Amino acid sequence: MTTNDLIARLTGELKPVSRTAVLERVGTGLGISLVASAVLMVLWLGMRPDLAEASTTMMFWTKFTYTLILAVAGGWAVKRIAHPLGSIRVNLGLMAATIVVMIVLAFAQLAMTPPEEHMAMLKGRTITVCTFNIVMLSLPLLIGAFWVLRGLAPTRPTLAGAAAGLAAGSIASLVYSFHCDESAMPFIAVWYTLGVLVAGLIGAITGRFILRW
Amino acid sequence: MNSIETRLKELMLASLAGDARSYGILLNDVAKHLRSYFLRRLADAHKSDADDLVQETLMALHTRRATYEVDRPFTAWLHAIARYKLIDHFRRNRIRATVPLDDVEDLFVQDQSDAAADRMDVNRLLQSVPEKSRDLIYRTKIEGQSIAEVAQSTGLSETSVKVSIHRGIRAITARLKGNAANDDK
């Protein structure tokens, strides 16, 4: 096909594009995969039975706020990296700052409790499954984020994959917080954060190949 | 500003609104720029790939046009896509790039949102110069026209154009020095 034929074809196919098209695609992709991840959580792990009671505790809302900030920063990063000139430095900075605050809170809580309880606070009762579960719940979201990005124009596949993975891990940890009944800051600061970072790593490694166009 | 940018951006905005005529002109223009862009960056053995790259980039422009943000320069966006396609081409064919990839100032403007503040300072300074000199300075120093071109289009002699510009610049210098003196106080 000659370039002129191609131009004629593309011109014939032209349809108006809404200015919010990118945002809509991000919302659709992450929205649907959030539902998928939540359904997976309910069917596979189940909601925590004491949810009503827990929702009156500080710890529940700390976990909720922590994962929500990461999720919003991550989702926004997917939107930004979808543009050819997109930079996600701000988003990564916000996520890093949020994690640092969580670690400081964890140390503060450790400082206020007797040393012999520290190990229990770090290990909780679900240390063996927490990070794994978050990574599992992040997989539908990772697929959703990749679908979003494959229709847009990220010019740095590895970085875009990392953004997709961090967003998927963060949203998954938000979903997981409705199942998990751990209530110690050090536990959240270590194992939730690790889940988010592992998802980010998976995203970076796979994105490098999947996000080419 | 850069006239290529102004022209292409207008066409792109019309195309995003669904104007097929503008879109046809845009794609034809862009194809020409892209062809020379790729030709200059491909080694002799690979020059024949230029047309494929042009078509691939046009396809990408088409299917991913929603990612153009209207408050940014169009040429910077297009350059990012063309550069991506070129790097992807090198990677797929295991070619080592030996031509500088970023040598594009002549064709594509960079994203200059940061430079906007500087431009506003320049405009404010220019306001302090008499109108006649202001226009001449703007056309020669900022738009980059030659003295001869400006003389011809204004009907002034080259000498009086030069004198006017010289006076205007002296006025600006004086004003900058005055500001510095004020700051010292």
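Is Y192(A) buried or exposed, and how many C-beta neighbours does Y192(A) have inside 10 Å?

1. Y192(A) counts as buried because 28 C-beta neighbours lie inside 10 Å; the cut-offs are 20 or more other C-beta atoms within 10 Å for buried, 12 or fewer for exposed and partly exposed in between, with C-beta atoms placed from the backbone.

2. The model is predicted: local features need pLDDT of at least 70 and side-chain atom pairs count only at pLDDT 80 or more, while totals for chains, interfaces and linings use all residues. Residues are numbered from 1 along each chain as its sequence is written, and chains are lettered from A and ligands numbered from 1 in the order in which they are written.

3. Helix α9 (residues 185-210) of chain A contains Y192(A); helices are DSSP runs of H or I with at least four residues, numbered from the N terminus. Leaving aside residues up to four places away in sequence, Y192(A) touches T67(A), I134(A) and S173(A), where contact requires C-beta atoms, placed from the backbone, within 7 Å.

4. The largest nonpolar core has 85 residues, and V78(A), A145(A), L149(A), A163(A), A164(A) and I171(A) touch the most other members. Such a core is a set of buried Ala, Val, Leu, Ile, Met, Phe, Trp, Tyr and Cys residues joined through C-beta atoms within 7 Å. Helix α8 (residues 157-176) of chain A gives the most to this core, 13 residues.

5. Between the chains, 30 residues of chain B are in contact with 21 residues of chain A. Elements giving two or more residues to that side of chain B are α1 (3-16), α2 (20-41), α3 (50-63) and α4 (74-92) of chain B.

Definitions and conventions: Two residues are in contact if their C-beta atoms, placed from the backbone, lie within 7 Å.
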